[in-house]
Amino acid sequence: MNTDSETALLDIGTARRSLDSLDRTDLDFWYNPRQRRPLDDARTGNPEPPEEHPLESSTEGWISFLPKQGMIARTTAGGGIHLIWLSPRAYPHIGSKFKRAVASKTLAEMLRRMAEALFSETAQIQEGPLFIDYLDDYLNARTRLERIDRSYQQFAPSHAASGWWTLQLRHHTPLDLPKVISIHLETLHNPGQREEEMYAAVDAIVEWLAEGTEEQEAAIVDPVQSLPPTGKRILFSACADAELHLSHPPLLRAIARCVSAHDKRLAQAATASLLLCGGAFGKSLLQEALRDVTAVPHAQLVRGIIALLNRQ
Amino acid sequence: MISRGFEGGDPENFGDVANNAQGAPIPRNLVLVRMCRRRMEFIYIINEVRTGTPPFNAELVDRVVQHVLDEENSPLSVYEAATTDPFDCGHALGVIAATIGRNDFRLNARNRAKGCTCGTLLIPRACLPASISLTYTPEQNRDFAPADTRHFDLAFQDKHELAQSVLIGIQTRTVAWTFLTNQDGTYRLQAVIAYSHCLSVFGKLNPSSHPDSWRNGATLTASEQIETLKHLADIKAVDSPLS
């Protein structure tokens, strides 16, 4: 097995054999590739600034899945391969996380999210269909990936019969906010606006967000952050009412920052939307926000919302 | 109009079955079913009441008027329930009666609106201010005939006083509340309870031949009411294939 884990340059011919011998510790190099280098450097006494791995900047390439065993990412330019070991067991509740993963901007981001989706569920390993079966169902559903090659032919023709899955990531330009949504966001900025008009505006925004792509969520992060507290509160409340699924980390982080707002309704709205819309990542952000309760002016109300929504 | 007016707010009458001056039974409990289109605003109110103490500030009272009473003027439509338990069939009939007219609840609706949720309050009569009055008004029940006999008009002089009473009732846990949503099935559960009640009263329900005593509503015919109730209860999920 290749121990030069920072680059893990394995060719396809050896990949499969190597996957068999990978274990959980091999995740470390992937999760913390830049930390690993300084450790290595410390051993050699030759510190050097870490270099960015080709996957970190690549917006085009493939991630391939070997049933029961692992996944491999490679840039279109053939820049480098990373391996991730998979458990052979199924993870039945990872759909939303995969949805988040396939909306990634870079190959490295996509691979990281795939790994997070898999390994954050290790406590829930269950008997059942193999992971690849679940993936089959998932990928047959709607994704934004432009091509999914079951045969793996375009990447490695010799593996066509081996059952590899390949996801191809292509560059996507950022989504421009539709003009009508920009107008609705403007409505939320107006301090003299009646609440009913603001509610009508957020209904339209939520309807648009419910279409469910991460590009849409990404497009509203900046406008949302600049909203006044009332605008934020009404928007977050509407998202929670609609039980939207939000998955774009910067948007969820923007919401999480409002948990410590001085506006008590905004603090409650942020809490509710993280709980109802943000999935596991939203819940972890909420936990993080509550780690220092002295920084949360309405911590009691925040805890009250958590209790109320958890009893539903 | 059948008049069953009485003055409310006397704690000594709470829970009794005494008759009012017109000989009609006085409701023990009222179900104030409000379609809280802004469920989260309803939840914030409940949360703030649970963590606060009376007297509640004017801002919170105003929010009850805005989001729970919907700024409506006197009288309010309320329904009678035997208990403050959300599984009381009076509550279920009130929920359905207050919501069945929504376009997106119909069988042919494209899809149920997201966030189409409902907050309800189950209020013992004794929690209400002495200044309120109740009038039995079955004809004011718009679109769900089985709830006719449970419909009352609640007249009040001061909506802020009423809101304050509701807040105190929530705080002292004498007023019960529910959040009903589509996605977790809690709304459907109320429809199932109402449907079951209707079966016991009317027998097997068929939209194409509705019971004679099941009247047309203001916007829904009797057939449409039955069809929508069956749709909301999603009876297909458990219905016998022979039926």
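**Figure 1. Six salt bridges are counted between chain A and chain B.** The model is predicted. One ion pair across the contact joins Arg39(B) to Asp241(A). Their closest N and O atoms lie 3.5 Å apart, and the pair counts as a salt bridge because the cut-off is 4 Å. Polar contacts between chain A and chain B number 13 residue pairs, with both residues at pLDDT 80 or more. On the chain A side, four helices each supply at least two residues: H9 (195–209), H11 (229–242), H13 (264–277) and H15 (299–310). The side of chain A that touches chain B has eleven nonpolar, five polar and nine charged residues.

**Figure 2. Chain A and chain B bury about 2,200 Å² between them.** Of this area, 46% is on carbon and sulfur atoms. The contact draws 25 residues from chain A and 25 residues from chain B.

Figure 3. Over all chains, the count of salt bridges comes to eleven.

**Figure 4. Helices H12 and H14 of chain A pack at an angle of about 35°.** H12 of chain A spans residues 249–257 and H14 of chain A spans residues 279–289. Their axes are 10 Å apart. The crossing of H12(A) and H14(A) is right-handed. H12(A) contributes Pro249(A), Leu252(A), Arg253(A) and Ala256(A) to the contact. H14(A) contributes Phe281(A), Leu285(A) and Ala289(A). By class, the residues of this contact are six nonpolar, no polar and one charged.

**Figure 5. The peptide bond from Ser74(B) to Pro75(B) is cis.** Its omega is near 0°. Pro75(B) sits in the loop between helix H2 (58–68) and strand S3 (76–81) of chain B.

**Figure 6. Glu243(A) has a positive phi without being a glycine.** The value is about 50°. Glu243(A) is placed in the loop between H11 and H12 of chain A.

Definitions and conventions:
Residues numbered from 1 in each chain as written. Chains lettered and ligands numbered in written order. Predicted model: local features only at pLDDT ≥ 70, side-chain atom pairs only at ≥ 80, totals over all residues. Heavy atoms only, no water. Contact = heavy atoms within 4.5 Å. Buried area = accessible area lost by both parts, 1.4 Å probe. Salt bridge = Lys/Arg side-chain N within 4 Å of Asp/Glu carboxyl O. Polar contact = N/O pair within 3.5 Å; in protein donor to acceptor, adjacent residues only side chain to side chain. Nonpolar A, V, L, I, M, F, W, Y, C, P; charged D, E, K, R; others polar. Axes fitted to C-alpha atoms, helices over the stretch in contact; angles between N-to-C directions. Left-handed = near helix turned anticlockwise from the far one by under 90°.
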